[in-house]
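Subject: Structure handover

Hello,

Here is the structure I promised to pass on. Please open it first, then read the notes below.

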Amino acid sequence: MSNGVATNGNGSQDQTHTPSQRYLSTRGEDSGLSFEDVVLKGLASDGGLYIPEEVPVVPESVWQSWKDLSFTDLAYNIISLYISPSEIPAEDLKDIINRSYATFRTPDVTPLVHLQSSIHLLELFHGPTFAFKDVALQFLGNLFEYFLVRKNQGKEGRDRYHLTVVGATSGDTGSAAIYGLRGKKDVSVFMLHPKGKVSPVQELQMTTVLDANVHNLAVTGNFDNCQDIVKALFADPEINSTHKLGAVNSINWARILAQTVYYFYSYFSLARQSESFSIGDNVRFVVPSGNFGDILAGYFAFRMGLPVDKLVIATNENDILDRFWKTGCYTKKPVSGSKAEGGVPEDGVKAHEDGVKETMSPAMDILVSSNFERLLWFFAYQFASSAGMDDEWNKKQAGQEVSSWLKDLKEKGGFGPVYKDVLESARRNFESERVSDQETLDTIKSLYQEVGYVLDPHTAVGVEAARRSVKRAGSDIPHISLSTAHPAKFSGAVTLALQDEADFDFAAKVLPQEFVGLDQKEKRVNDVANDWTAVRELVRKQVEEELTARDAGSA
């Protein structure tokens with residue numbers, strides 16, 4: 001355990017950590033871990049995902065007293081519930097949070113705008129890479145730096161703990177991770193992307209970052225090949241004996257935690273903006289969903305006490321989540337050939353994994369949702385609790401149930417139908433909608449015609465789902481729909497939807513100044529074969545070059 005805190009058993013943690021500051025694996029084998037452990041490990045040793053032993057329930061009088069806080073002060077109040085001050089003292093945590101969000105282009109960080117009728121839009125694209133992932137990855141990058149600085153106190157040269165972050169990306173994760181880690185001391189970041197298959201903007205956002213610790217690798221192959229290479233590296237004893245590998249993908253608990261903040265913040269923003277909405281009233285959140293991390297953060301906010309009427313899952317035609325809520329079965333539905341074709345190539349649709357349907361919203365093109373496992377654990381835990389046994393038994397049963405479900409998913413391609421009580425629990429707090437490509441384009445077009453606002457295709461999936469939800473729930477319940485990316489990042493779909501609008505000019509109305517001339521900047525990228533051993537040797541070589549240059553500079 002790091003920082004002198006015991007793990008795998010209560011021990012000294014009883015005095016230093018609340019239950020919400022200790023972590024366990026969804027599959028039941030790992031428990032009693034600290035926040036630092038789960039951030040640096042990413043994935044549990046049993047293959048599960050980390051969750052807090054308890055979700056802290058915040059008294060109504062307390063969370064309501066947060067209503068006028070700045071985004072960063074609110075973030076501290078929420079995040080500190082999950083991190084023991086014995087790991088990160090209060091002033092240090094405040095500094096990490098302040099530095100993380102100083103990089104955003106608006107002081108609100110995640111501003112709320114009224115769209116139409118009872119639908120409001122939470123703009124999550126004001127960070128460095130114009131995507132919602134910045135909210136989490138700016139924070140995660142600073143956490144990595146903080147932990148490394150502490151580990152390296154008093155150490156010099158090759159005695160220093162050096163983290164080598166390796167990740168695969170089909171687009172936004174790569175640029176957000178790079179911007180979160182660029183220039184950080186004692187960390188190298190290697191992002192693998194499928195050569196020629198990510199969108200031009202996404203590729204340029206990655207490859208024009210020239211910091212010495214940033215390494216872009218263009219792999220001859222598809223996104224599956226990139227992911228397989230990363231998995232092979234993490235499983236390889238040889239490189240793990242010489243390099244400390246780290247992960248930044250959406251399974252990292254710190255990413256979920258950071259995203260929980262903007263659910264509270266948008267709720268308070270709505271109370272400030274709307275005379276008809278008061279603190280304590282219910283709200284619906286509508287979330288474009290792929291890997292399920294974004295909406296999962298909303299579930300944690302709800303469990304903490306935020307008055308959420310329903311969390312509405314909005315999927316595209318890759319609809320495994322929608323099908324689960326409709327049927328109770330969670331089953332892969334791979335497609336191939338002409339049935340898989342769709343979307344706009346220039347928006348990066350060809351970078352996806354094999355078997356998915358190509359769509360206008362490529363960041364949501366998934367076969368399975370990696371973070372859904374965390375929610376399944378809570379459903380299994382609630383079901384186990386009905387047996388009247390003690391909490392230790394309930395948690396053990398939940399881990400066993402999740403392990404069984406995930407084993408069936410891996411070996412049989414799916415599981416279910418789940419128990420009736422489990423499905424009822426899922427439907428109590430969530431609803432789901434499936435939005436087609438044509439409906440996505442129609443929503444971009446109709447909203448532009450009605451209010452002049454330009455949606456990116458992922459956000460359009462959410463807005464269409466919100467419109468349907470309003471018809472069910474009524475206009476008295478406000479809806480906050482999450483906007484996950486700036487429309488300029490997916491220019492193909494936006495242009496396709498709005499090309500017949502007489503007053504539409506992409507360069508004038510959509511393109512940010514930061515994107516102008518991006519293609520003229522110097523780029524640095526290494527082409528590499530679809531061969532994990534070739535990537536391993538390149539990682540070794542470039543880390544060595546980076547450390548040699550560092551040592552020479554400090555001599």
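**The sheet**

Threonine 164 stands opposite serine 188, a residue of strand β6. Keep in mind that this is a predicted model. Strand β5 covers residues 163-168 and strand β6 covers residues 187-194. The two pair in the parallel sense, over six bridges.

They belong to an open sheet of five strands. Its order is β8-β5-β6-β7-β15, and the pairing is parallel. The edges are β8 (244-246) and β15 (526-528), each of which pairs on one side only. On average, neighbouring strands in this sheet are turned by 30° against each other, with direction ignored.

Which strands does helix α7 touch? Helix α7 (residues 172-181) packs on the sheet and touches β5, β6 and β7 (214-219). The direction of helix α7 makes about 165° with that of β6.

**The cores**

The largest nonpolar core has 115 residues. Those with the most contacts inside this core are Phe35, Leu143, Tyr263, Phe264, Phe292, Trp325 and Phe430. Helix α11 (residues 253-273) gives the most to the core: 13 residues.

Phe292 is worth a click. Leaving out residues up to four places away in sequence, Phe292 touches Ile313, Leu321, Trp325, Ser369, Asn371, Phe372, Leu375 and Phe430. Of these, Trp325 and Phe430 are also on the list of residues with the most contacts in the core.

**A polar residue inside**

Asparagine 394 sits in helix α15 (residues 391-412). Is asparagine 394 buried or exposed? Its relative accessibility is 4%, so it counts as buried. The cut-off for buried is under 20%.

What does the side chain of asparagine 394 make a polar contact with? The partner is the side chain of serine 385, at 3.5 Å. Beyond its neighbours within four places in sequence, asparagine 394 is in contact with Tyr381, Ala384, Ser385 and Met389.

**Cysteines**

How many disulfides does the structure hold? The count is zero. Cysteine 226 has a relative accessible area of 0%, so it is buried. Cysteine 329 has 23% relative accessibility and therefore counts as partly exposed.

That is the handover.

Best wishes

Note on methods
Residues numbered from 1 in each chain as written. Predicted model: local features only at pLDDT ≥ 70, side-chain atom pairs only at ≥ 80, totals over all residues. Heavy atoms only, no water. Core = buried A, V, L, I, M, F, W, Y, C linked by side-chain atoms within 4.5 Å. Buried < 20%, exposed > 50% of the residue type's maximum accessible area, 1.4 Å probe, protein only. Helix = DSSP H or I, 4+ residues; strand = E, 2+ residues; numbered from the N terminus. Contact = heavy atoms within 4.5 Å. Pairing = 2+ DSSP bridges. Axes fitted to C-alpha atoms, helices over the stretch in contact; angles between N-to-C directions. Polar contact = N/O pair within 3.5 Å; in protein donor to acceptor, adjacent residues only side chain to side chain. Disulfide = S-S within 2.5 Å.
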